Amino acid sequence: MTKTPNSVTMDESAERIILDRGVQGLVGKSVARIEGPLKTSGRADYANDTKLDGAAYGFVLTSEISLGRIKAIDVAAARSAAGVLAVIVDHPLLPSDGSAGNASLKRVPRDLPEVDSYGQAIGIVVAESFEAARSAARLVRVDYDEREGRYDTTRHLEDVEHEPKGGLIPDIKRGDIDAVMASAPVTLDITYTTPHYFPAAMEPHATVATWTGDGVEIHSSLQLLKTARAMIAASLDLDLSKVRVLAPYVGGGFGGKTGTGPEVILAAIASKETGRPVKVALTRRQTAHLVHHRADTHQRIRIACDDEGHILGIGHNSIVSQKAGRSFIEPVSLGTLAMYKGEARSFTQSAVRLNIPVAGAVRAPGEAVGSLALETAMDELAERFGMDPIAFRKLNEPEKDPLRGSPFSTRRLVDCYDEGARRFGWDRRNPTPGEVRDGEWLVGMGMAAATRINLLQESHARVSLRLDGGALVETDMTDIGTGTYTILAQIAGEMLGLPIDRIEVRLGDTNLPPSSGSGGSFGAASSGSSVALACETIIAELARRMDVSPDQLVLKDGVATARNVQSSLVDLLDGDDIAAEGVIKPGKTARAYSQAAHGAQFAEVGVNAVTGEVRVRRMLAVFDCGRILNARTARNQAIGGMIWGISYALHEEAVVDKRTGAFVTRDLAEYHVPVSADVPAVEAYFIEDPDRHANPLGVKGIGELGNAGAGAAVTNAIYNACGVRVRDFPMTLDKILAGLGPV
Ligand code: MOS
């Protein structure tokens, strides 16, 4: 039997955490990924592993100029090359750009024959093999009418667009920051810059498309299936019902798979044209231009203090780049909004329009790069007061949201500072830079605060209690390496009183109930709540069948106990499955309470006094992100985020050729992400304070929180080690060496 959906809108705070009813003992435990054996044995099919009979291979043709008009394309040689099935350059639905996870965009855009960024899709070659398609692509001759473009943010800082359309947060001006800066006894006014970053997921984007009749099936590497489906339907002029999108396994997203790339649409077009399933896998080098990147930023931080270190005013004004006509604006000051005290506030995001590929959401949009600047500035100011960086932050810890005046739902930041300091051994830090030496190495410690807004998205799930004594969880949610399969199984097992191996989880298929998808660290809260709510309906039905109230029912190991009566769940099914749907929707609590997750990041580094080389020696963080669903996957998320902090502080930089508008760091040899040798012992701990205002589970997002503040902990440790501040990231050894004195 199927019950009516159990739908909850978060207009009221949860009276109790829904998971607390469970006694199975699964939630919170360190549970290994249930799909782990499939992945480690190569049996989990990622998009490009999809096995379809008779598949052909597509290779995306890309532009070799940044700005101009395509006058002619000569495909004759390519078309007659061995194994080539089709060369498609003039299809009316041809896309050129990805959607960059941009909700305001209704379809993957097509503005050809105008080219407006380098490496843009201009067509596709389809052949019997990937190699044949790639080789034939080299034979395509494109004749361009090229124009001069704008490729360098720093050259156009005077020509910015204020309050650009597509800003994720409005500009905020309260009080008069200029006046406060002019009159305050202690002020800081520093501009920090961050470069473009690639999302750099391990699995390059890939799509396999196949048609059955007038419907298309898309196997693709995507984070958000509901939006992808809508984007694909609009781009192909199809009814939504004609599009099925599947992404059961995704090899990392980091924001880069929130959008729908041109290769998805091209695969569908190529499959239609050739009558074959078509596989399109981007090469790593193609991802540089065909996948959105994070915008570079220029961030002016102004902080005005009284004599004792109380913040009187705070300004975080940024200029970020974006492609002309596109609307995702990196929300740089997002993490600054509610972070510290101070009456005067100025938070603005302005845009420089460039003719480079589209910028979009990458790994904690806003907080990651924003915290790098803000938290480095806080360290600089603490030193001016001769204060411990933690004491300075505590002095400016607000009691309520300083901007909105609303209460924090939960905010255990001070506890994170204290516990982090204790665990890390912060009291052993020498506050004077350059005094701790270990041979050639100058050693230092640094810390930073972390914050990330907490989000909830509408999400639907179906749970079925089955005659075989197990349960099935179904939703179109994705698991992008985050542990979704496992936490949803834990939630269902906890609620229904079943061991984890009795729970089957099916994800990543738009034929299943639509979920939040994976993005903005909202996945666990959103999809998890929907699963728990579906279970609640099943529990109510079981209680009814035992003639007790749900509260009297205890479910464990497949047995229901109420009062002195016991029954196996299978017996209660009475010959038919019980299926139920759960729906969670965000509501008024999102506005009534200021919701964010918090943490304190600590790092110890060695800086080589001769070469300026930095080795991070250890990192430790304590996070407050509500209830923890799985100690292992939570820790994985947290330390993954922290490692990205090392990465953007020290390594990552997507370099644009200022003459051509092309990214030149197109592979992982040139685009540096940390490898194992760069990553020391990383420890993450949690203060568990379930947030009743956030969602019925009391959980908050983790992955992007781990990213926030992590880079600044490293840069502050570098300063403590050697007395060098670098304000233009990444902090590579050449920049540090320039500041080091004689050995
Ligand atoms: Mo995220 S950058 O919203 O995947």
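Visitor: Which residues is Asp468 in contact with, leaving aside its neighbours within four places in sequence?

Guide: Asp468 is in contact with Arg502 and Val570, contact meaning heavy atoms within 4.5 Å. This is a predicted model, in which local features need pLDDT of at least 70 and side-chain atom pairs count only at pLDDT 80 or more, while totals for chains, interfaces and linings use all residues. Residues are numbered from 1 along each chain as its sequence is written, and side-chain values use heavy atoms, with hydrogens and water left out.

Visitor: Why is Asp468 called partly exposed?

Guide: Buried means under 20% relative accessible area and exposed over 50%, with partly exposed in between (1.4 Å probe, protein chains only). Asp468 has a relative accessible area of 46%, and is therefore partly exposed.

Visitor: What does the side chain of Asp468 reach?

Guide: The side chain of Asp468 reaches the backbone nitrogen of Gly470 at 2.8 Å.

Visitor: How many salt bridges does the rule find across the interface of domain 2 and domain 3?

Guide: The rule requires a side-chain nitrogen of Lys or Arg within 4 Å of a carboxyl oxygen of Asp or Glu; across this interface it finds 0 salt bridges. The domain bounds come from an automatic or database domain assignment, which gives domain 3 as 457-584.

Visitor: How many residues of domain 2 and of domain 3 are in contact?

Guide: 14 residues of domain 2 are in contact with 17 residues of domain 3. The C-alpha centres of domain 2 and domain 3 lie 37 Å apart.

Methods: A polar contact is a pair of N or O atoms within 3.5 Å; within protein, one must be able to donate a hydrogen and the other to accept it, and residues adjacent in sequence count only if both atoms are side-chain atoms.
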